[in-house]
Amino acid sequence: MFTSPRIQLLASAGAILALTLAAVLLASWFGPATERVLTVFLISLTAVVGIGLYSGNSGILSFGHVAFMGIGAYAASLLTLPSALKVATLPKLPEWLAMTELSLIPATLIAVVFTAVVALFIGAAIGKLEGSAATIATLGLLIIVHGVIIGWRDVTRGAQSFFGVPRETDLVTAAVACVLALLVARYYRDSVSGLRLRAGRENAIAAGAVGVRIQRERLVAFVLSAAIMALAGSMIAHFLGAFSPKKFYFNDTFLLLAMLIVGGMTTVTGAITGAVVITLVTEVLRRLESGFTLGGFDVPPIFGTAQIGIGLIILLAMFRKVDGLAGMKEWEERLLPVADLPDKAPVVPQAPATDTLTGEAMTMAFGGLTAVDGVSIRIEPGEIMGLIGPNGSGKTTLLNMLSGVLTPTAGRVMRGDEDLTGLATYQIADRGIARTFQNIRLFPNLTVMQNVLVAALSTHGGRDAPARAHAAMERLGVTGHAAADAGTLSYGDQRRVEIARALACQPQFLFLDEPAAGMNREETDALMVILRRLSSELGIAVLLVDHDLELINQLSDRIAVLNEGRMIAQGTPLEIRKDPAVIAAYLGTGRKTDTKQEGEMT
Ligand code: ADP
Ligand code: MG
C-alpha cells in the first residue's frame with residue numbers, strides 16, 4: 001500500500017525513466033568520454049539516493065553509508081575476480097571463494113544481500129540512538145569499516161590496490177542500477193514504513209503516541225539504504241577495475257553528502273538536483289583547477305578549487321535554502337497536489353471501553369523536584385473528566401505518565417487488570433489510549449491527510465486506515481485542509497488536526513492537554529460540541545486539561561484538581577466549586593490562570 005496519490009508516483013517513475021533514457025542517449029551521441037562521465041554520475045546518484053533514503057526520511061544525517069558502498073564493492077569484486085588472480089594475489093582466501101567466479105549481476109545481488117545483513121545488525125544498534133548521537137555513531141561506523149578493510153589483508157589486500165576486477169559496468173548497467181535505486185527510494189518514501197519514518201522525523205514523541213515504532217522503521221530504511229549503497233559500490237568497483245580502501249572513505253562521503261544536502265535530503269527530486277549541480281560544478285572547476293586563460297590573462301592553476309567550490313556551494317545553498325534546492329517536497333507533489341481523499345467508507349466504530357483506566361499513587365520526580373506526588377486518578381468508560389490546577393501543578397506530567405511518554409518514578413498505570421506502567425508510547429497507543437499535546441506536536445511537513453492517516457495506519461493493525469482517517473477529519477471539520485501541510489495551518493486548526501489524529505487511532509480513552517488554548521470563544525464553543533459528541537456518540541472517555549473553567553465546567557462529568565503535584569479534590573463540577581481546599585488553593589489564590597503556553601518538557 002502506498003500513501004500518496006498514484007498519479008504522483010506514476011509521474012515520478014515516468015520522469016525518472018525518461019530523464020535517464022534521455023541522458024544515456026545524449027551521452028552515447030557525444031561519445032565515450034561523456035559516457036564515462038555520465039556513468040560515474042549515475043553511480044554517484046545511486047549512492048546519493050541510498051543515503052537519502054535513510055537520512056532524508058529519518059532525519060538522521062549519516063556519515064557512514066559510504067562504508068556500505070565499500071562492503072558492497074569488496075564483496076562483489078571478490079566474487080567476480082578471476083580465480084587465477086585470486087589464487088595468485090590472495091592466497092589465503094578460503095578455497096570456495098577462490099574458486100568462485102561469477103558475472104556482474106549475480107555477484108552484485110549476493111553483495112547487496114550480504115551488505116543488507118551486515119546493515120541489519122549495525123542498524124539495530126544505531127537505531128536506538130537519537131539525533132546527533134546517531135550521526136556520530138555512523139561516523140564511527142565509517143572509520144571501523146575502513147579499519148577492517150585495511151586490516152583484513154588476506155581478503156582485501158589491505159591498504160593496497162584491489163585490482164583486476166572485470167570492468168563490466170557500462171553506461172547501460174549503471175543506468176539500470178540507478179533507475180532501480182531511484183524507484184526504490186521514491187516508492188519507499190510513500191510506503192507505509194516511509195510515512196511512519198517521516199512522521200518520526202517530524203516529531204518523534206508524537207509519532208510514538210500515535211502508534212509508530214520508530215526504531216523498527218529506522219531499521220527498515222537503514223537496511224534498504226545499505227542495500228542501495230552496496231549496489232552503487234559494486235557498480236563503481238566494476239567500472240574502475242581497481243580501487244583501494246581510500247575510495248570508500250571521507251572524500252566520497254563529503255562529495256555525496258554535499259550532493260544530498262545541496263539538493264535536499266528528504267526527496268528524490270533533491271538527490272537528483274544535488275547530484276547534477278555538484279557534478280556540473282566540479283567538472284567546470286576541475287577544468288579551471290589546471291589554470292586557464294581569460295581575456296589574454298593567464299590564470300595560474302589553483303589546487304583545491306573544486307573542493308573549495310563545493311564548500312562554497314553548500315554554504316550558499318544553506319543560507320538561501322535550508323532544506324536544499326528542492327525543499328521538502330517532490331516536484332510532482334508540488335505540481336500535482338491531489339488531495340486524494342480516501343473513500344468515505346463506513347467505519348466500524350470502536351466499542352467503548354468496559355474497564356477503567358487508573359493511575360495508582362503515581363509520582364514523578366525530576367531531580368529534586370517532585371512534579372507529581374502520589375496522585376491516584378480513575379477514568380471511567382465514556383466519561384469526560386476535567387483536570388485542572390494552576391500552572392506547574394503537574395497536569396501535563398500526569399498525562400505524560402498515563403500515556404507512556406514518561407515512566408513514573410513510583411506508582412502504576414492500569415487499564416482494567418493490565419499493567420501499562422513502563423510500556424512504550426506506541427504500545428499504549430495500541431491499547432486504546434490516544435492524546436494531544438499542550439505544545440502542539442504535529443508533523444508540520446506532512447499534509448493534514450498524512451498526519452491523520454499515519455495514526456490510523458499505526459494502530460489496530462492499520463485496519464480500514466483510510467476510512468478511519470477520513471472519518472476523524474470529518475468529525476473535527478478539517479477535511480478542507482487535507483492537502484495542506486499541517487505546519488501552515490492556523491493555531492486553532494492545528495489543534496483540531498491534532499485531535500483528529502488522536503481520534504484516528506480509534507481510542508477508548510482520549511487525553512487532551514489544553515485543546516482550547518489559543519482558540520477564541522467561538523472556536524472553543526464549537527470544540528465543546530465536538531468533544532461532547534465524542535463522548536455521547538462514540539463512548540470515548542476524555543481526560544480534559546484546560547484553563548478555560550467554563551469549558552471544563554460545562555463538559556465534565558467529574559473534575560479532578562491538582563495543586564503543587566498533589567490531588568486536592570475530585571468530584572462533580574458542583575462539588576468542586578464548593579470545595580474549600582479548591583477555593584483556597586486554586587481559585588482563592590486569586591492567581592489569574594491564563595491560556596499562555598508553558599514549557600512542556602518531556
Ligand atoms: P502543568 O501542566 O500543570 O502546568 P507540568 O506538569 O507541566 O504542570 O509541570 C509540573 C512541574 O514539573 C513544573 O514545575 C515543571 O517545571 C516540572 N517539569 C515538567 N516536566 C519536566 C521535565 N521533563 N523535567 C524537569 N521538570 C519538569
Ligand atoms: Mg501543562
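**Notebook: salt bridges, a sheet and a covered helix**

I started with Asp-190 and Arg-186, whose side chains meet in a salt bridge at 3.2 Å, N to O. I count a salt bridge when a side-chain nitrogen of Lys or Arg is within 4 Å of a carboxyl oxygen of Asp or Glu. Asp-190 and Arg-186 are both buried; for me buried is under 20% relative accessible area, exposed is over 50%, and partly exposed is in between (1.4 Å probe, protein chains only).

Ground rules: this is a predicted model, where local features need pLDDT of at least 70, side-chain atom pairs count only at pLDDT 80 or more, and totals for chains, interfaces and linings use all residues. Residues are numbered from 1 along each chain as its sequence is written, chains are lettered from A and ligands numbered from 1 in the order in which they are written, and side-chain values use heavy atoms, with hydrogens and water left out.

I searched the whole structure and got 27 salt bridges. Arg-566 and Asp-373 make one of them, at 2.8 Å from N to O. This pair links distant parts of the chain, since Arg-566 is in strand E12 and Asp-373 in strand E4 (residues 369-379), 193 residues apart. My helices (H or I, at least four residues) and strands (E, at least two) are DSSP runs, numbered from the N terminus. Arg-566 is partly exposed at 48%, and Asp-373 is partly exposed at 27%.

Next I looked at Glu-418 and Arg-431, with their closest N and O atoms 2.8 Å apart in a salt bridge. Glu-418 lies in strand E7 (residues 418-419) and Arg-431 in the loop between helix H18 (425-429) and E8, so the pair ties together parts 13 residues apart in sequence. Both count as partly exposed, Glu-418 at 36% and Arg-431 at 28%. I also found that salt bridges with shared partners join Arg-186, Arg-189, Asp-190, Arg-198, Glu-330, Glu-332 and Glu-333 into one network.

**The six-stranded sheet**

I traced an open sheet in the order E8-E9-E10-E5-E11-E12, with mixed pairing; two strands pair if DSSP finds at least two bridges between them. Strand E8 (433-435) and strand E12 (566-571) stand at the edges with a single partner strand each, so one side of each has no neighbour in the sheet. Neighbouring strands are turned by 15° against each other on average, direction ignored. Strands E5 (residues 384-388) and E11 (residues 558-563) run parallel and are joined by four bridges, and Met-385 stands opposite Arg-558 in E11.

H21 packs on this sheet, touching E8 and strand E9 (509-513), and its direction makes about 160° with that of E9. Helix H22 (residues 521-538) lies across E5, E9 and strand E10 (541-545), at about 135° to E5. My axes are lines fitted to C-alpha atoms, for helices over the stretch in contact, and the angles run from 0 to 180 degrees between N-to-C directions.

How many residues of helix H19 (residues 448-457) are buried? Ten of its ten are, and they pack against helix H10 (192-202), helix H20 (465-476) and helix H21 (491-503).

I then checked Thr-3, in the segment before helix H1 (6-30). Thr-3 is buried at 10% relative accessible area. Beyond its neighbours within four places in sequence, Thr-3 is in contact (heavy atoms within 4.5 Å) with Asp-190, Ser-191, Val-192, Leu-195, Leu-453 and Leu-457. Leu-453 and Leu-457 are among the buried residues of H19.
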